[in-house]
Every structure is written in C-alpha cells, then in structure tokens.
Amino acid sequence: MKKTLTILLMIAMLFAMGGCTGDPAQPPAPAGEPTASGPESAAPSASAPETTVPVASFPAGSEPPASTSAPDPVAEQMAAMTLEEKVGQLFIAGFYGTEDGDYVDSLIRDYKVGGLIFFGRNVGTAEELTALVNDLRAENGDYVPLFFSVDQEGGTVERMPDEVSPLEDAYTYGQSGSGELGYALGQVLARECAAFGFNLDFAPSLDIWSNPENTVIGTRAFGTTAEAVEAVGPWAAYGMMDGGVIPVVKHFPGHGDTAVDSHVGLPTVSKTVDELLASELIPFQSAIEGREGEGAPAVMVAHILMTAIDPDRPASLSPAVVTGLLRDQLGFDGVVFTDDLTMGAITENYGLDEAAVLALEAGCDVVLVCHNEGDLALARQAVLDAAASGRLTEERIDQSVYRILALKQAYGLTNDPIEMPDVQALNEEIAALNA
C-alpha cells in the first residue's frame, strides 16, 4: 500500500509538470450505510473485517507506455482547475450561524474552499441542520464536493443536535480494552455523521492521557497508557472507515502529556523521537499501518513544540515533524490536516498568513481556519502570494491537491442532498452501544 501510494504521488507530480496522465487512482467508492459488523476479536488480526471504503490511492512509480496508460480521474480533475481553485482546496473554513448566509456562501462560491467545519454554533435542531447542509451542498452545485467536517467525538465534544442522545467519552469506552467496542463506537460515529451529511470527522483522539494536569485532552483519550489507547482507539477509526466516513486521527504526535491548552498557548514537549516511539506514537503507528495494510486515511497535527525534534516551530508548522517523522519515518502517505490555525498556540506566536504558508511548507495538505470571518481570506491570499513568488511551487501545491481530490473520490463524496434522518433509530443504536 505504502509503495503504491509513493508511486502514484510521483505520477501526479509528473502530470503537474508536463501534463501527463499516470496510473489510475482507485475509483470512487460510494459512502453507503455504515455496516453492522465488527472485529472478531479485540486485537487487530487477519480475521478482522476488511475496510469496505478504500483509502485514497495517491501517485507513485514510473508512467506506463502511452499505449497502455489508463485515464487518471484525479489528475484529469486537477488539470481542469486554476491555481486559485487548487489553493481553495487546501482550506477548511469555519462560519457562524445555523442558517445559510452571505459569508459561508462566499467561502463556497468565491474562495472555492475544500471544506467547511461545523461547531455547536452551527447546529440547531435536526431539521435545521439537515436544511443547512442541503442549502450549502446546493450552493456548491456541480463543483468539487466539499468536506463537510465536524469533530464529533462523544462525551465532552458533542456536535449533534439535542434530539440525538449523547455518547459517553472515549475514556469510558477505552476502559473495556476491547477493539470490538472501539469498532462499534466508530460505526455509531459514522452513522451520526452520515445522517446529517458530514463526510469527515476529526476523530478519534489517539492521545494518551499520561499527564493528570492535562485539561485539553483528559477523558477525550481512550486511556492513560499507550497499550490502552492502541487496543481501542484505532478500531474506532476502522469502524468509521467501514461506515463511509473519513476519520482524521489526532492530535499527532500526541497531546496527552502537556499541561498547556493549545487553544490558548503553545504547549512544549521535550521527548526525543525514541521516547515518542516507545509511547505517544504507538497508537498512531498502529492506526497508520491499519488492518491488512489499510490504515487511517488522514491525520491531524497538533500545535505542540517538540523541542527535541524542532525547537523553533510547533509540530503543525515543522518539516521535521510532518515530513520527517510522520511521512518519512512512520510512512504515512495520506492527507495531513493542521489543527485550527486560529488557536492561541499559533496566533500568540505567528501571523495567520505566515502560519498558513509554513504549514504547507512543512508538508501539511489542509489548513484549518475555524474562527473569525476574514481570516480565511488572509490565509488564502498569503498562499497565493507565496505561489506567485515561487516560495511555494505549483508542484508542491499539486502534491497536496492530488491527495485531497483522491481522498474525496475514494470516499465517494457528492453534492447530493440528504434526507431527514431517522433520529429515533439513531438513538436506539447509541443506547445499544452505551449499554
């Protein structure tokens, strides 16, 4: 899988430079309904269910002879895009209100953002949320489908309408030590998200709650040891994948051993790579390797200063962490998201415009700008200016855009409207899980 991803990425780069097409990307797979099956045992094994929704295939290898070359739908889609449209795909933006409005319409129509993120401020009743999602899908028309994203974890981080029963926090499920229960949680999370049109969930958290003074992670973690988190957390991601919703495992390389909340300041971790490999990175490595080689398709990188790896830049802006550790050492070749750049860890130390460019230079693919209307325009313009000056080459931008489009195609994202969900049936599944 990793070899294939590497080969496909090189082809996309060749296409961007010379207009060539390469090996076909995996065809889109319909999101479908979440499956009811789960792992046969608590630990990953060859007998566990296979992922029904493929992880995106990205370029890699030499281009085949022209006579045998098959169309690459991702490369073809990308070839038809302007630079401004490509740059739009690099952003997920937040907005305000529970109804369609001028600002969010501008994000879609004028800035061509790759996705939107929903918070509690955007979630009214089940009927209101369904109407909002359908209005925004209609606004996007026949353009590249949006990531409709949310950070629905359960427990202290709930983003569902009040009519939907709450889930327990990850720590409660983690105490079972059961991969089967983790998988069932992932299936329910996928059903919740899909019911309201969300196709990407910034969950599960694979952090280890190893520092009792940690206030930002706490019971959002599945456990207090690497073994406890690894036993359950990655299976939640697999359950979501099989349910047709993209999981984004977070907060790489681990936010659990910090005492500072990155929403308000910059946490510092002094562990070496070897120390991280022996603890914090274990759940992430497990999720990346996955079942039968099908691992998590996306990772969120935290705003944490890893002083032993890069004493100058937080992980989300650090080539040493994103490219060196995550991609090169752990072999991750999927889509990398930053945490929200409007968090205090970034805004107290960087301008948003410079931070957006640094994140892409570090190897991130998607930049989150979740708050403050106007910030998206600032960050987007900074990336366009960096491209115009040559600081960010179009080849570098194309690498990320290819990964993004391939992920969207692999999970069958569409602009089709959703139906009003059966909340009662959803609540029955949640009750069964919690029982």
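Relative accessible area classifies a residue as buried under 20%, exposed over 50% and partly exposed in between, with a 1.4 Å probe and protein chains only. The legends below concern a predicted model, in which local features need pLDDT of at least 70 and side-chain atom pairs count only at pLDDT 80 or more, while totals for chains, interfaces and linings use all residues. Residues are numbered from 1 along each chain as its sequence is written, and side-chain values use heavy atoms, with hydrogens and water left out.

**View A. Two residues with positive phi, K112 and E292.** K112 is not a glycine, yet its phi is near 50°. Its relative accessible area of 25% makes K112 partly exposed. K112 belongs to the loop between α4 (102-109) and β2; helices (H or I, at least four residues) and strands (E, at least two) are DSSP runs, numbered from the N terminus. E292, also not a glycine, has a positive phi of about 50°. The loop between α10 (281-289) and β7 (298-301) holds E292, and with 49% relative accessibility E292 is partly exposed.

**View B. Strand β1 (residues 91-94) and its parallel neighbours.** In a regular strand, side chains alternate between the two faces of the sheet. Both faces of β1 are covered: F91 and A93 are buried on one side, I92 and G94 on the other. Three bridges connect β1 with strand β10 (residues 366-369), and the two run parallel; two strands pair if DSSP finds at least two bridges between them. Strand β2 (residues 115-118) also pairs with β1 in the parallel sense, over three bridges. A93 has V369 as its bridge partner in β10 and stands opposite L116 in β2.

**View C. Helix α16 (residues 423-434) and its buried side.** The 12 residues of α16 reach 16 Å from the first C-alpha to the last, close to the 16 Å expected at 1.5 Å a residue, where the expected span is 1.5 Å times one less than the number of residues. Which residues of α16 are buried? They are V423, L426, N427, I430 and L433. These residues lie on the same side of α16 because they cover an arc of only 120° around the axis, the arc being that of the directions from the helix axis to the C-beta atoms. The face turned away from the buried side carries the exposed residues Q424 and A432. The cover over the buried residues includes α5 (126-140), α6 (170-174) and α7 (179-195), contact meaning heavy atoms within 4.5 Å.

View D. N211 sits in the loop between β4 (200-201) and α8 (226-242) and is buried, at 14% relative accessibility.

View E. H251 is part of strand β5 (residues 246-252). P253 lies in the loop between β5 and β6 (268-269).
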